[in-house]
Amino acid sequence: MWQIFHKLGSPKWFFGIASKLMPWLLWVGLSLLAAGIVWGLGFAPKDYLQGNSYRIIFIHVPAALLAQSVYMMMAVAGLVTLVWRMKLADVFVRAVAPVGAILTFLALFTGAVWGKPTWGTWWIWDARLTSMLILLFLYFGVMALGAAISDEKSSARAVAVLVLVGVVNIPIIKYSVEWWNTLHQPATFKLTEKPSMPAEMWVPLLLSVLGLYLIFGWLACLRMQTEILVREGRTRWVKELVQARGN
Amino acid sequence: MTTEFTVGLRAPEASVGTATAMKAVFVRDLKTAFRQPQDLLNPLLFFVMVVTLFPLGVSPEVSFLQQAGSGILWVAALLSVLLSLDHLYRHDFDDGTLEQLVLQPQPLFLLVLAKSLAHWVLTGLPLVLLAPVLGVMVHLEGNSVAVLCLTLLIGTPVLSLIGSIGAALTLGLRSAGVLLSLLIIPLYIPVLIFGTGTVMAASEGASVEGQLALMGAFLVLALTLAPFASAAALRISLSNS
Amino acid sequence: MAFDSFGAFMIMEGHGPYVWTCYFVFFLLMGTVSLWSLRQRRAVIAQHRRAESPRVREKSPAGASFTRIEPSQD
């Protein structure tokens, strides 16, 4: 058990596994995403209330879901960094934070554009959009702190503490934003809340969510590999690997 | 064997009780702060000035100020607490007191708690005391002013406690001030929402016990969790320098 | 097919511009991040190789004949 755990923490081992996994993650992810989007854009029936603008859901929801789960994954990695001092966990946090920020931005952007035909305005201080905006701030905070501390080890641990503090706050923020929203604008029409979605809508949605998760896995592996190469540049295995690679 | 040994070693040091140590840290922070009274006054002046900006910059109409007053006061209080956070550990960090504090046998999170409470007494409490005057200036009505003070009384300790985490994380960094705000403002949002929301509910004549209880829950949560995070962050920042 | 023609698919009863903007920005950003990450990795590898190549040439090929397992986790 501990041996496996130790192996998991070894950048060299991870590098090899990631290289093997990455093509699968990328191609399966891309095909799922493509299938979900083509189905959703061209074949899924029109929504009776929102018309065709609802077709944004097939990227809005995957981006929003993934943006939130990336923060949760970062929190788990942060815990691992603090408790077991595993280097790979910090590599993950570093590699993934900008991706999470971009996904959050995409969720916000697609939400805003979707809002225009639905609400008649680009931005509404809707509970979900507002909590996504705050999530974006949290991502920026993590990136800024990571960049500000030059020492690798203390930077890793400081970022881990910040991510954990943020994750404790996320439910509180969500709850308070929802409360604030009901205070200011009672029961507006929510973008993605449906009493019952027919299978022709949720199946492509599920496909694109799965696809984007897999593509995120690929991107995370790729960026972690880069980070490992930078950090472990002086070790023997990296030197050998660099030489062995043709181009 | 080893445990007995360490216990034996620790016993004389630990003879200063944790409560005594906390009190000593608390009193020391107050004393050193009063040596430079200007530093204590600055956040208050800032608070007053920010509140002044709104009638000048937006509108001096009574109806607007009545509606926005609680929000203005809360945002101003939040910003002035934020500005004062840099002082929380800075002096102790510069003169090495902080390293001594970390090496004490008493649990660090309790000492950090004492420091955060001292910070609140020095910045949060004066804000609460000043708030009624400014509340009258933005035309809040009788009951709202009282509720506003109550929310500030419960809310500002939360600001100090959460802020201490950020101050500890950014300790010793260049451009710590802006970074600190970036890290901490998102975490302040729930307190701000409930602080202003409670006052607005009170001005509409609704009952506010539920909201106040929730803010109390925030305070309890911050009291129990923030000192741990802040102590961990302090250890990291000190090992860095 | 939910649409009668390709034209109808593009216009989406007036909602086309919104839908297509979203998809365009989504793929633009995700594509940029992916390409940028790929280029970053390639750049790091190239940099390591440039830093290493003179010394490796000096060494005899025997350097690669034995394998030593190095624990990279400290």
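Trainee: How do you know what share of the 74 residues of chain C count as buried?

Mentor: A residue is buried if 20 or more other C-beta atoms, placed from the backbone, lie within 10 Å of its own, and 12% of the residues of chain C count as buried. This is a predicted model, in which local features need pLDDT of at least 70 and side-chain atom pairs count only at pLDDT 80 or more, while totals for chains, interfaces and linings use all residues. Residues are numbered from 1 along each chain as its sequence is written, and chains are lettered from A in the order in which they are written.

Trainee: How many helices and strands has chain C?

Mentor: Helices are DSSP runs of H or I with at least four residues, and strands are runs of E with at least two, numbered from the N terminus; chain C has two helices and zero strands.

Trainee: What makes a residue of chain A or chain C part of the contact?

Mentor: Two residues are in contact if their C-beta atoms, placed from the backbone, lie within 7 Å, and the contact takes 43 residues from chain A and 30 residues from chain C. On the side of chain A, α4(A) gives the most, with 10 residues.

Trainee: What is known of residues 156–173 of chain A?

Mentor: An unreviewed UniProt entry lists them among the spans called "transmembrane region", although such annotations may be inferred rather than shown by experiment. In the model, residues 156–173 of chain A are 100% helix and 0% strand, with end C-alpha atoms 25 Å apart.
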